Amino acid sequence: MKRFFYFLAFSNVFCLSAPNAQAQYQSTGPFGGQAYSIYRENGGRIVVAGDNGLFSSNDEGKSWQEISPTPADLGCATLYSVALTGADIYAGGDAAGIYISHDGGAHWTTSRSGLKIAVGRPFYDIEVAGPNVLAIRPDSGYLFLSQNQGISWSQINASISSSFAQYLSTYNGAVYVSAPQGLFQSMDNGMSYTNINSLPVNYGKLVWVSDTAYVATASGIRVSYDQGITFSAFALTGRSVRDVAVSGQHVYAIVRGIAPIQDSVLYSSDGGQSFSTAAFNPATFRFTRVNDILATSGGLLVASDYSIYGTMDSGAHWSLADSGFLAASGGGLAASGAYIVAGTASMGLYRAIPDSGSLQWQHTGDVSQQVGTNILSVAAHGAYVHAGGAGGYYRSTDSGATWTAGTAGVSGGLVKSVCASPNSSDAWLIRNGDLYYSSDDGASFGTVVTSNLPAGQCERVMQADTALFVCSFSTLYKAGSTLAFSPVSGISGFVTAVIRIGSTYYAATKGNGLFNSADGAAWVSINTGVLPVKINALIADSAGTGLLAGTDDGIFSNSNGGIWQQVALAGHAVQVLALRHGKVFAGTCSGVYSIPYKLLPVDNGVGNKGQGKLVMQVVPNPNKGNFSIRLQCSVAAPAVLSLRDMTGRMVYQKSLLLRVGANEIHIQEQSNIAPGVYVVQLVSGAEAEALPVLLH
């Protein structure tokens, strides 16, 4: 196997750029995700709520921008509905209630007072009515009203004759509530209602075009020319229409199939007299359910369970309309070959070349390859990439270009965690709470029967150097050479990561902070008061001497003299971290961020700040296995040259005697070193320099 090294020069202390330069941390994707609600503000701006936060568009959906970076106080919550007026934003959540911001999305609070909330029962419809706010939980028909900007709520179903509330709409100062018992109208900002139309069937949300109201029903589209008092048949009579949008002579409808559940988009260019079925490119357009639609100038936006789609020519041609609509990327990151592979919550798997100027993400692991969308974990060894999710285990042998669903010994099931050894063909996964092991890079797996782990309760598997760890929700287990696990002591809470730097193990937890251990069996807390106690991800920095932690409030590092400080993405919930070619990749609720390291001088304690003896370069660059380190020294001194992998494990070391002036150190190809990312470090007294190295 041919190998070559690629070098980027850094000092031996690494730190991310300071958090006051947030503008430089721009995610370039991946794009897509579940979109639940499309809302047009009075001023013309369009807003989408989804599983990745809130996004707005000022160009009719051609491109999207985060209303604000998804902040820690939203906690990566899925948003099912949105309504806004000025700086006030109301977003419907799930068991957390309703999220409220009064400063355009910069800060959020959670409103629960007076609401009836339950897991899996989100608030799918919200409207602002003058000084009041209304919300519906349609699974139970609850209608809620707030008169104090969402601080507290009152259930007001009695105001609509105790009807089962289904949809809200507002027009010309009036509020309309659709219910099985009829259509109710309020002229006092939702305080009291009059039943203006006893509808014979369940109607959907009213869509207003001037004084005309259109509504989707289980038997076609109906229309009212008297503001909802009477309705008559309009189009698609006898069809089950879930949603409708109208713009001039262009009418759009979402029609539900019989079985399996599959929504179709129909469009008309003659005012609803005839309809055609939208012809989508199956390679880019996939959904089973449409959640919302909105007519735009010349077209339509479709919010689906897969992404946002749009037409700008009244339905003749369709395409993805998710540019800037960032996918929630907490499903794992892994470096494989020349690529970084990302797992997402709703769109499956992507890959990108991290050395490009801006990441160009390619959607590779999708439903066309039988890859489920809800990816929970990604790991890689060379070109072999493992991914796990709600739909099972997925494997790639070509750095994420193509995928296979399942493998020998693993078919279906919930795969919450995958792990790959960086230096061997060993791989592990957690399926339905049990540990599985592979010795052939995932070609086959078998259950670990001698593990002493609690059956069906394992959550995550991690390798730190040569030690293997498995955690349940409350206990961390460590295995010896026989894969017989024993519970460790001194650590509590759900463990999100275990790594080893030098001779010390470090473990991050979801709520109890950071721990360390000399042997991985007995742990002690090392909380600093600066690093948040909820740590989602933990990796070694490029020098292999410090830590990078992903939290709900950005990235923290202790690389600068062991002192923890917030270094990037303040306010973002960082779920996963990965290193590649001197860059940190952070998976967040809204996309993957690529963040360069900022070179900091080495403080060696004697005042020269690393500017004295060592000035290094590597030649040739790139190379095919043999290279030289050239450096200028101002003082003759002994030195040690070492090569470490990204866990801090030393794989090569050489003692040297540096002389004054030019020095050149020749390195021969080391056959026992596996391909991967390494750090070449030269230490002489208090001086040190390090170079990240990619070995192919």
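This is a predicted model: local features need pLDDT of at least 70, side-chain atom pairs count only at pLDDT 80 or more; totals for chains, interfaces and linings use all residues.
Trainee: What describes a pair of aromatic rings?

Mentor: A pair of aromatic rings is described by the distance of the centres and the angle of the planes. In this model the count comes to 15 aromatic pairs. For Tyr36 and Tyr124, the ring centres lie 6.3 Å apart and the planes stand at 70 degrees, which is over the 60 degrees required, so this pair is edge-to-face.

Trainee: Where in the chain do Tyr36 and Tyr124 lie?

Mentor: Tyr36 belongs to strand E4 (residues 35–40), whereas Tyr124 sits in the loop between strand E11 (109–111) and strand E12 (125–129), so that the pair links distant parts of the chain, 88 residues apart. Tyr36 and Tyr124 also form one aromatic cluster together with Tyr80.

Trainee: Are Tyr36 and Tyr124 buried or partly exposed?

Mentor: Tyr36 has a relative accessibility of 11% and therefore counts as buried, the cut-off being under 20%. Tyr124, with a relative accessible area of 37%, is partly exposed.

Trainee: Which kind of aromatic pair do Phe123 and Phe144 form?

Mentor: Phe123 and Phe144 form an edge-to-face pair, with 6.0 Å from centre to centre and 70 degrees between the planes. This pair, too, links distant parts of the chain, with Phe123 in the loop between E11 and E12 and Phe144 in strand E14 (residues 142–146), 21 residues apart. Phe123 is buried at a relative accessible area of 0%, and Phe144 likewise counts as buried at 0%.

Trainee: Which residues lie over the face of a tyrosine ring?

Mentor: Lys116 lies over the face of Tyr142, at 4.8 Å from the ring centre. Arg351 lies over the face of Tyr339, at 3.6 Å from the ring centre.

Trainee: Tyr339 brings me to strand E33 (residues 339–344); in which sense does E33 pair with E32?

Mentor: Strand E32 (residues 333–336) and E33 pair in the antiparallel sense over four bridges, and the bridge partner of Leu333 in E33 is Ala342. The hairpin of E32 and E33 has two residues between the strands, and Gly337 in this hairpin takes a positive phi near 60 degrees.

Trainee: What is the order of the strands in the open sheet of four strands?

Mentor: The order is E48-E49-E50-E51, with antiparallel pairing. To find the edges, look for strands that pair on one side only, which here are strand E48 (495–501) and strand E51 (524–525). E48 pairs with strand E49 (residues 504–509) in the antiparallel sense over six bridges, and in E49 the bridge partner of Val498 is Ala507.

Trainee: Finally, what is a disulfide, and how many disulfides does the count come to?

Mentor: A disulfide is a covalent bond between the sulfur atoms of two cysteines. In this model the count comes to zero disulfides. As for individual cysteines, Cys419 is buried, with a relative accessible area of 8%, and Cys633 counts as buried at 6% relative accessibility.

Technical notes. Residues are numbered from 1 along each chain as its sequence is written. Side-chain values use heavy atoms; hydrogens and water are left out. Rings of Phe, Tyr and Trp (its six-membered ring) pair if their centres lie within 6.5 Å; planes under 30 degrees apart count as stacked, over 60 as edge-to-face and the rest as tilted. Buried means under 20% relative accessible area, exposed over 50%, partly exposed in between (1.4 Å probe, protein chains only). A charge sits over a ring if NZ of Lys or CZ of Arg is within 6 Å of the ring centre and within 35 degrees of the ring normal. A disulfide is a pair of cysteine sulfur atoms within 2.5 Å. Two strands pair if DSSP finds at least two bridges between them.
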